[in-house]
Amino acid sequence: MKQLILAISLFVLSAVSAQAATVRTEVIADKLNYPWSVAELPEGGFLVTERSGQLLYASDSGDKQVIKLDLPDLYATAQAGLFEVLLTPDFVTSRELVISYSCGTEDANNTCVVRTKLSAQPPYIVTNSQNIFTALPKKEGAAHYGARMTWLADNTLLVALGDGFVYREQAQNLDNHLGKIVRITRNGKAPADNPFFHSQAPEIFSYGHRNVQGLIYDQARDSIWQHEHGPKGGDELNKIVKGGNYGWPIATFGIDYTGAKVSPFSQLPGVKAPLYQWTPSLAPAGLALYQGDLLVAHLAGKRLQRLRLIDDQWQLEGDYLQELNARLRAVYVAPSGRILVLTDSAEGKLLQVSFEN
Amino acid sequence: MVRMFVAFLSAVVGAALVGTVIQTQFNLAEITALTVDVDMAMRMDTIIHDLLHFGPVFALMLTPTLLVAFIVARGLSLWRPQFERGWFIIGGGLGLACTFWVVDSLAPMPTLIAANRTLVGFLLMSSTGAFGGWIFDRLWHPQPRELAEELPA
């Protein structure tokens with residue numbers, strides 16, 4: 001197929017680390033309209049979400065098929081749209097997916113999650129779509145939805161959310177979902193051992209977040225890693241713990257886009273300090289675990305970074321893919337071990353990246 | 001001409017200074033409302049930071065705004081000269097309010113300046129444009145009684 005022909009290997013000698021690692025980049029699919037997430041199917045091929053609202057199936061050879069979604073309340077504009085697609089832990093038998101998206105209208109919207117069922121073989125269809133979570137309150141504007149998701153070892157689902165930009169103080173309010181990470185069951189219920197089960201938003205797992213764009217469960221270390229956008233500076237990498245307050249907007253290394261201070265504090269007692277922070281901002285937009293390292297895809301930074309945990313501190317191992325000069329929306333390490341990267345543009349691409357030392 | 005230029009520069013700088021300090025108070029009020037104490041030294045540090053970093057951005061926003069607003073105010077002054085001071089004050093205030101609206105419509109974020117998220121903040125920040133209008137006309141066309149004011153010894 002054309003896309004396969006287009007799958008040209010670009011052997012890129014990156015000016016990266018002291019080890020002068022090289023990365024190989026291969027195009028799996030192109031002409032994707034602002035792709036946001038990708039999930040590898042066990043039978044081969046990929047599910048890809050486009051922020052503009054389409055769910056696609058892309059075969060290994062780059063053939064694409066639109067999978068019709070039944071999301072009548074999908075709100076797609078600016079930062080709003082279709083976000084993450086994630087297979088359930090028992091996908092092989094259940095064929096169920098969860099999908100996050102922005103739902104509502106310009107005046108009243110937020111992040112929603114549906115659980116749906118994918119047919120067994122192509123041409124794929126989805127059926128039995130059920131809303132399992134709606135972040136509340138519905139708010140105005142089309143910014144800061146979070147929407148990254150990950151499954152924990154107990155098969156509960158973490159859903160990252162955003163502060164809606166103009167509601168930043170609400171990230172400290174435990175009675176709503178703005179600026180939180182929530183933990184729910186696959187049916188959308190709040191587990192009884194959630195830390196704020198008594199509040200009006202019992203789904204909350206952690207709070208004080210601005211706009212979470214990377215979230216992954218590290219089974220080997222039994223840890224949850226997360227990154228979020230700061231404003232101007234102050235992008236953060238955090239280890240998420242149950243009930244943790246991550247400080248936004250009372251403690252931040254960033255300042256507002258206008259140059260004004262959001263808070264005079266960069267750290268406060270009772271607030272979890274970031275394990276790593278990016279100032280100036282690179283806009284980290286995707287997070288994956290690879291051989292114990294973290295891979296971080298950056299939008300504004302237009303690079304893939306590899307961070308390594310050394311002496312309990314995340315340290316930069318290398319910068320990659322800068323030669324592409326492309327905003328990177330997401331990075332995944334698929335069950336097959338393949339590293340998948342999405343570029344962010346109206347002509348976005350699904351790339352396979354290989355490290356070669 | 002020099003007088004007009006100095007008056008305009010003073011209007012922009014004066015409005016930028018006052019507007020900066022106002023927005024800082026709004027931001028700090030939001031932080032203290034979250035039960036975080038901000039002492040006076042920290043408040044002063046924040047004001048100084050904002051004067052150095054937010055102030056120039058706000059001045060850039062004010063410059064074209066007041067330029068257009070004052071041209072319109074001048075036109076209205078020719079029509080009703082007895083209200084000249086008022087035209088400049090209203091022009092500066094309305095002009096800045098319009099600029100906030102246009103910027104918020106065009107910028108990716110719903111509200112660029114955090115202090116403008118509330119009606120009170122929006123009105124107070126817009127009033128700095130009115131203050132700029134007052135400064136400009138006070139310096140450009142001082143009224144006879146203002147010229148008669150004695151300078152402090």
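**Figure 1. Helix H3 of chain B, residues 84–106, in the predicted model**. H3(B) is built from 23 residues. From its first C-alpha to its last, H3(B) reaches 32 Å, close to the 33 Å expected at 1.5 Å a residue.

**Figure 2. Buried residues of H3(B) and what covers them**. Among the buried residues of H3(B) are the glycines Gly91(B), Gly92(B), Gly93(B) and Gly95(B). Trp87(B), Phe88(B), Ile89(B), Leu96(B) and Phe100(B) are buried as well. The cover over these buried residues includes H2 of chain B and helix H4 (119–140) of chain B.

**Figure 3. Crossing of H2(B) and H3(B)**. Two packed helices are described by the angle between their axes and the distance between the axes. Here the axes come within 8 Å and cross at roughly 140 degrees. The crossing of H2(B) and H3(B) is right-handed. On the H2(B) side, the residues making the contact include Met61(B), Leu62(B), Thr65(B), Phe70(B) and Ser77(B).

**Figure 4. The side of chain B that touches chain A**. In this view, 24 residues of chain B are in contact with 21 residues of chain A. Helix H1 (2–33) and helix H2 (40–79) of chain B each supply at least two residues of the chain B side. H2(B) gives the most, with 8 residues. The chain B side has 13 nonpolar, 7 polar and 4 charged residues.

Note on methods:
Residues are numbered from 1 along each chain as its sequence is written. Chains are lettered from A and ligands numbered from 1 in the order in which they are written. This is a predicted model: local features need pLDDT of at least 70, side-chain atom pairs count only at pLDDT 80 or more; totals for chains, interfaces and linings use all residues. Two residues are in contact if their C-beta atoms, placed from the backbone, lie within 7 Å. Helices (H or I, at least four residues) and strands (E, at least two) are DSSP runs, numbered from the N terminus. Ala, Val, Leu, Ile, Met, Phe, Trp, Tyr, Cys and Pro count as nonpolar, Asp, Glu, Lys and Arg as charged, and the others, Gly among them, as polar. The expected span of a helix is 1.5 Å times one less than its number of residues. A residue is buried if 20 or more other C-beta atoms lie within 10 Å of its own, exposed if 12 or fewer, and partly exposed in between; C-beta atoms are placed from the backbone. Axes are lines fitted to C-alpha atoms, for helices over the stretch in contact, and angles run from 0 to 180 degrees between N-to-C directions. A crossing is left-handed if the near helix is turned anticlockwise from the far one by less than a right angle, and right-handed if clockwise.
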